[in-house]
Each structure stands twice: as C-alpha cells, then as structure tokens.
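Here is a friendly note to keep beside you while you look at the model for yourself. Please have the sequence and the picture open together.

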Protein chains: 2
Amino acid sequence: MSEVKNTSFEDCLQKLMESLEVSLYEEATTQLANLHSAEIARLLEAIPPKERVILWSNIDTGTQGDILKDLSENVRTQLFSEMSVDSIVEATEGLDMDDLADIVPDLPESALHNLLLTLDHKHRDHLKRVLSYPEDSAGGLMNIDIITVRDGITVRTVIRYLRLLKEMPIDTDQVFVVDRAYKYLGAIHISTLLTNEAQQNIEPLINKTLKPIIAQTPEKEVAHLFEQRDLISAPVVDENNQLIGRITIDDVVDVIRDEAEHSVMSMAGLDEEDDVFAPVMQSSKRRSIWLGVNLVTVFIAVFFISLFEATLQEKIALAILMPVVASMGGIAGTQTLILVTRGIATGRITNSNLKVLMNKEVAIGLLNGLIWALVIGVATHLWFADILLSMVIALAIVVNLIFAAFSGVILPSLLIKFKIDPALAGGVILTTITDVIGFVAFLGLASLVV
Amino acid sequence: MSEVKNTSFEDCLQKLMESLEVSLYEEATTQLANLHSAEIARLLEAIPPKERVILWSNIDTGTQGDILKDLSENVRTQLFSEMSVDSIVEATEGLDMDDLADIVPDLPESALHNLLLTLDHKHRDHLKRVLSYPEDSAGGLMNIDIITVRDGITVRTVIRYLRLLKEMPIDTDQVFVVDRAYKYLGAIHISTLLTNEAQQNIEPLINKTLKPIIAQTPEKEVAHLFEQRDLISAPVVDENNQLIGRITIDDVVDVIRDEAEHSVMSMAGLDEEDDVFAPVMQSSKRRSIWLGVNLVTVFIAVFFISLFEATLQEKIALAILMPVVASMGGIAGTQTLILVTRGIATGRITNSNLKVLMNKEVAIGLLNGLIWALVIGVATHLWFADILLSMVIALAIVVNLIFAAFSGVILPSLLIKFKIDPALAGGVILTTITDVIGFVAFLGLASLVV
C-alpha cells in the first residue's frame, strides 16, 4: 500500500539522489528494480540530465519501453538522442499500438524505419492508420484494439467468442456492435453480458445512446465530452461511420491535465512539456524570449511616463505613487482575464453571454474602484498631506479599474479571433494596457492640476 | 453525433439566451428537454442568475437531481436557496449514494434532515459512512456500490451470482474478492470472467497487484495514483483492510481538473468554484480582498521608492526607468516560481533535488540577466545619452534577476512549511520581493553615483 503515499516517492528520490551524488550507479539501478514503470519515469524526470542518461543506460531494454511511454516529450527526446538505433527498436517493439503512436513523433528517422520493419503487416497498417490522424485529434488518441460483434446474435454466442479470444485488450469495458459494412451500431457494456441469460438476444442490450466520436474531432472536445458524460471509453469512427477504434479515459486524463497545465505555464511563457532539469542554455533561451517580449511592453509603458517628465519633475510624489495605480489595474484586469479565459476554455463563456458578463465585470470594476480609490486617497492624504494629489490618484484608480475590467473581457475573444493563445499572450498584453492607462490617467490628471 | 462539437453547445446557448432576453421561458424550457443533464448543467452555469432561477423552476424534479450533481458548488447552493424543502428532497432522493454525498454539504439543514428520512436503513448507513470521511479524501470520493465475491469459487458461480443481481452498478469493471472477515484480497476484471471457462476456479484470475487505497488518503494522492497507474477503478479499504468501497476514474477526473484549475485561478485570488455569473456583490467581495492584499504589498514597494526621493528629484530619468527593473525581475521570478510550484504539486520536485534546481535557476537568472542588462543598458544610453545611468540600470537588472531566481525557488517550499498555498500567495509575495529589490538596487546604486 506504500505506493499511494507521496512520501514514499520522496524517500525513493532522496535515496536515489544520495547514490547518484557519490556515483553509485549500480546501487541506484538496483533501487529502481522493484518500482512500477510510471514511478521510474517520474524519478527520471526528477534527476539532472547527466545522471539521467547514465542511469537510463543501466536499465534493461524490456523495461525501457514501458518507461518511455510515461516520460514527457522532452525527456524522451533527450534519452532517444543518447540511444543507438538498435536499442531504440528493441525497447519500443513490444509496446501497444497507441502508446507506440505517441512515441513515434519523437523517434529519430532511422529508428522509425527499422521499427516499422519489425512489425507485422497488420500492426504496421494499424500504426499507419493512427499516425494518419493529427496527434491532437480523436484519431491520434485512439486505440485500435477493439472487440466487435455483429448484431442479431445471442449473449451465449458473444461469450463463446470472447472465450475463444482468451483475453480482452486492457481496459475493455464494452464490445462494439457493427453491421456487415463495419458501420457502428452501438455498444454493449461487458457487465451486461454477465448479468443477462445466455439465450438472450443482444439486440435489446445494445446501448444506442453512446454516440461515436469522429476521428477528426480535436482532443480538447474529446476531453470535454468524456468529462461531461463521465465516459470510461468511447468508440471512434471515420467519416463514413465505420468503426476504427476506441478512446479510453486514461488517455483523456493526460489531455485534461495538459490542457489545464498549459494555462498556468503559458502565463509565464513556459511550456508545460518543459523538463524541470533541461540544460541551462535550453531553458534560458525560451524564457529569455519571454523577457524580451516583456521588455518591449514595459518600454511602451515607460514611454508614456516620459511624456509627463515635466510634471514628475514638479511633484516627485507622483513618481513614488505611480506604481500603485498601475499595479491595482494590473491585478483587477488579470482577475477578469483569467476568469474569462478559463470560462472560454471550459465552454461556459461564448459570444452569446459575453455582453452580460461585460456588464457584470465593469460593475465590479466600478465598485472595487470606488472602494479602493477611497482607501488609497485617504492613505495618500495621510502620507503627503496633499488633497489635490489624493483626488487625482483616487480618480485614476477608478478609471484604471473600469478599463481593466473592459480589457479583461474583450481581450481573450479578440486574441482567439486573431488565432493567438490568450493563455500565452493575454497577461502580458493586459498589463501593458493597464500600465499605460494607469500612468496616463494618473500623470495626465496630475499635469492638469499641479 | 452533433454533441461532440463544441459549436453545438454554442448554438444551444445562443438560442437559449435569445429566448431568455425576450422572456420566452416556456420556449427556453422546451429547448432543454432533449439535452443530457450534464449539458443542461453547463447551460445553467452560462446564464445569468436571475434567468437561471426561473428556468430551473420550470425543469421537472426528476431531471433536477441529475443536473444538480453536475453543477458547480456555488450554482448548486444558489438553486437550493430558491427551492422548497420538499422539492429539494424530491429532486435528490433518487441519486446514487456517492453523488448524494457530494451534494449533501451544500444542502440546507432542514432538507438534509427530511432527505435522510426518505432513505432506507441500509442507504442511510451508507451515506453516513461516506460522510464520515473528509470530502477531499479517498473515503469522500468513494462509491459504496461494489460487487464482492468470496475466494475459492468458480467462474460459473460468480456468473450465476451476477445474473441473479440482474445488473451491476454503473461503471463496474471489476469484482472484488474478500475473505470471511470482508478483508480485501484482490480484484477480478470482469473481462476475465468472460474469457475464462466456467469451471475455472477464480483463484488464479485474481489480480493481487491492485493495491487498495486507504480511506484516509488525500484526494490529491488518489488522483496521482490513478494517473500514474492508468487506473479505471480502485478498491477502498478502512484502516483494518476491510473493503468499504471503490473509486472510479470519473470522480478522479474532477479532482485532477479542479487541482489544475486551482493553480491558475488562485494566482489572481480567484476561486475555481466561482460562478462566472455570481452576483456583483459576491464577486466583488472576494476579489476586493485580493486587491487589498496587493495594495499592502505595493505600498511596501513604494515606501522603498520614497527613501530615494532626493535621488529621484535630482534625476527624473530614474523615475521613468524604474518600472523596467521591477518588471523584468517580476517576470523572471514568476517563471521560476510557477515552474517550481507546479513541480512540487506534481511531485517532480522535492527537497532532495531542490539544491540542483537552485543552481540551475540562478545560472539561468545570471545568463538572462547579463543578456538583457546589455540590451537595456544600450537602449538607456541611446535614449538618455547617460553612460552612468546605463551602467546603473544594467547592474540593477542583473542583481534583480539573480534574486528573482533565488526567491522563486525558495518561496514555494517556504510557504508550504508555513501551511500557506503557494499557488495563492506565491505570486504576490514574489513580485513584492522583486519590486523592492529592483527599486532598491536601481535607485540605491544611482544614489551612490549621481
């Protein structure tokens, strides 16, 4: 039972790090021996790349295959680059077709060629079919190991057929019913086969409400459907309604996790696939680009400050207080932005209800603007004993919070229209807007009265 | 097949909003008639609260129960508050025990009392057992509808028993094997029962590697285990290894989604359970608190600016440029912070590898600091033609980016030690640090040389 405790993973990792620090690679390899492949994958992701490669070379190729499917893309690619073509083929040839399909895009060209040669005709065809669909579509997610039966037979016939098969593909929870042309008719949950009498015709047992997913459906929509309907597995058909595979929930869980990770990582210009211990140069590069984007936006904001140089010169308190206005707008705007971006991603917000939402968010902006304008105004007066300055900053806060709400609602759908990921670009554009509006409102108003 | 398309949801919502705008409530209710309960739940979440209540009152209580379990906590509570005790009981009495257990915490006291009275002895005991575990533990997640068999019997006996049951609980993929004292021994996937001969003893078919989850296990660890092992369902035992229920993946998916949502929502002080259309007052309050927290931190930062009033007075370019230093540090620090917070949440980062990570992140900070210091230094010189100012800002950038990396690595584990959620407080504390260090480094260095 120990493996459900996270602490046991921590213990494992600590022991492993201790062995690696003193280069006891054999001991480290022994420590991995009794672990589940998924656990080994996690440990490999948690150690620095150099040690990772040495440890990896000590794991036998039989185990490597199972570990590979659980690794993140970047770590997998790193390990492939250190392996010979022969050992890649050896490690991967025993994998399930859908796992193999996930790995294939990361394989070096020569290894892929040799791997295809090891597959028999049937499996090669299957792999090609899965690969013919985009990786992020239902076709890319699907597993082609399905059990199909024809309609019009009895439960006994189905059970006899299943006993002939000796075992069912892993996680099979239903058999699919197809017609003569292999068109999808419905599904029978296998528990139904067990609870009904042998002489029963399967016809009334077929669940016809389980609609098939078309192979071209984007994986996000597939995930949505699984979540909404609490599905465990679902049939996949091609454009002619011919059954070609099934999607099981364990593959969908990865999509859900990745999609949600994506939002939080993107906000800082990070990639959810990033290896925590990627080489410094590799990590620097990606993040540096993001710092560069930010630099451009901050220079836009400071350009607007520079327009009020004379005013600042006259009243240095303005320079001290201006971050307050910008910052409050940034926070309020980000709240709206995240709410709207998540709402759009989860399908709760669409064009039809955006107007209602806009009214609500602007009302919140106005209300919070008034409350905090009062607080900030009083605080400013207590600090600088300057009633005019207090009024200017209070007004600037209200203006900025209203604009922040407005921008937070508009921006995501605007970015989507221009095919820009709002999770990636939303935050940085929004804070530029709130910075500029904050500085201009505050310093502009001040220039009129001081 | 249309329901897999997100666009169809958009169409539904648009039609619904159009009907609601002109108060055609009957037409709106008819539009919902043929939809899946999960879809109706989503539509209800996507419309304003006032229209939601009216529409809700038009839905018959039979359907209401199924919809309730798919609604978010806040929306559910809103609807309960508008319903009579009798109609709450009527709507909820037909629900599965585990769905009911999810809803119970949101029920008004009097409705809960009446509801318990409608349940038979067995169900009441079951519900009480589920409720005796924390909502966010394995016990709180579990379903108590399980099928158990004793060891030492044949496949035929099991199948005969199952046929007597007539049907299995929804999403049953395994039967559990227990001993005389109801202690858990292992599980048999129901597909195994179908592919083996009737006279076969079940003993060799029992999967003994599927370890049970102890009821007290936190739901996050349960989710982790399901993800790692690609589980569909798992047995739950009490501290005496007695079987008490099972967890199915559809409940775990919600945990995974919520956990991931939590990180992104918390960063802006939002609650992942928030109703997009919550009343203005309710939404304002929560967000206002967050703005207040931010105000305190920004006043800390501007206090440090005010220490350098004389220096600012002397060189107004400092006031114009200071946001650049603070902003670059904030972005770089946030990148590290999010990486580390996510790494800790997913278990890839623990105390054992934090030191290695620290070295890497500080190295990235130094490298990116040098690159952007150069760019910003040159830009500053071009703008203000002031070599001393350029050198000061360049140095301040390097200092701030190194400190930002350092804080980003340290902060999450420090906050966890003090039992503070890093997703909630990390960002705001970090940017306060980078603001203060940025302002002090930049203005402090400047005060030495101008």
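How much space lies in the largest cavity? About 1200 Å³, as point 2 takes up again.

1. Ground rules. This is a predicted model, in which local features need pLDDT of at least 70, side-chain atom pairs count only at pLDDT 80 or more, and totals for chains, interfaces and linings use all residues. Residues are numbered from 1 along each chain as its sequence is written, chains are lettered from A and ligands numbered from 1 in the order in which they are written, and side-chain values use heavy atoms, with hydrogens and water left out.

2. The cavities. Rolling a probe the size of a water molecule over the atoms shows where empty space is left. Here a cavity is a set of points, on a 1 Å grid over the protein atoms alone, where a 1.4 Å probe fits but cannot get out; lining residues have an atom within 4 Å of a point. Grid points are joined across faces, edges and corners, and a volume is the space filled by probe spheres set on the points. The structure has 11 cavities of 30 Å³ or more, and the largest holds about 1200 Å³ of space. Of its 49 lining residues, the closest to the centre are A:Ile331, A:Thr431, B:Ile331, B:Thr334 and B:Thr431.

3. Who builds the lining. Helices (H or I, at least four residues) and strands (E, at least two) are DSSP runs, numbered from the N terminus. In chain A and in chain B, helix H16 (280-306), helix H18 (316-345) and helix H21 (422-449) each give two or more residues to the lining of the largest cavity. H18(B) gives the most, with 11 residues. The lining has 27 nonpolar, 19 polar and 3 charged residues; Ala, Val, Leu, Ile, Met, Phe, Trp, Tyr, Cys and Pro count as nonpolar, Asp, Glu, Lys and Arg as charged, and the others, Gly among them, as polar.

4. A helix crossing. The axes of H18(B) and H21(B) come within 8 Å and cross at roughly 145°. Axes are lines fitted to C-alpha atoms, for helices over the stretch in contact, and angles run from 0 to 180 degrees between N-to-C directions. This crossing is right-handed (the near helix is turned clockwise from the far one by less than a right angle). The contact of H18(B) with H21(B) has 13 nonpolar, 10 polar and 1 charged residues.

5. Annotated spans. An unreviewed UniProt entry gives "transmembrane region" for several spans of chain A, including 289-310 and 423-449. UniProt positions are in the numbering used here, feature names are shortened, and annotations may be inferred rather than shown by experiment. Residues 289-310 of chain A are 91% helix and 0% strand, with end C-alpha atoms 34 Å apart. Residues 423-449 of chain A are 100% helix, and their end C-alpha atoms lie 40 Å apart.

6. UniProt (unreviewed entry) places "domain: CBS" at residues 206-264 of chain A, a span that is 46% helix and 22% strand. In chain A, 3 strands form an open sheet in the order S4-S5-S6, with mixed pairing; its edge strands are S4 (213-214) and S6 (243-248). Two strands pair if DSSP finds at least two bridges between them. S5 (residues 233-237) of chain A and S6(A) pair in the antiparallel sense over 5 bridges, and A:Pro235 has A:Arg246 as its bridge partner.

7. Two residues to look up. A:Asp171 has a positive phi of about 60° although it is not a glycine; A:Asp171 is in the loop between helix H12 (155-165) and strand S2 (174-178) of chain A. B:Ser23, also not a glycine, has a positive phi near 60°.

Definitions and conventions: On a 1 Å grid over the protein atoms alone, a cavity is a set of points where a 1.4 Å probe fits but cannot get out, and a pocket is an open set with protein on both sides within 12 Å along at least five of seven lines; lining residues have an atom within 4 Å of a point.
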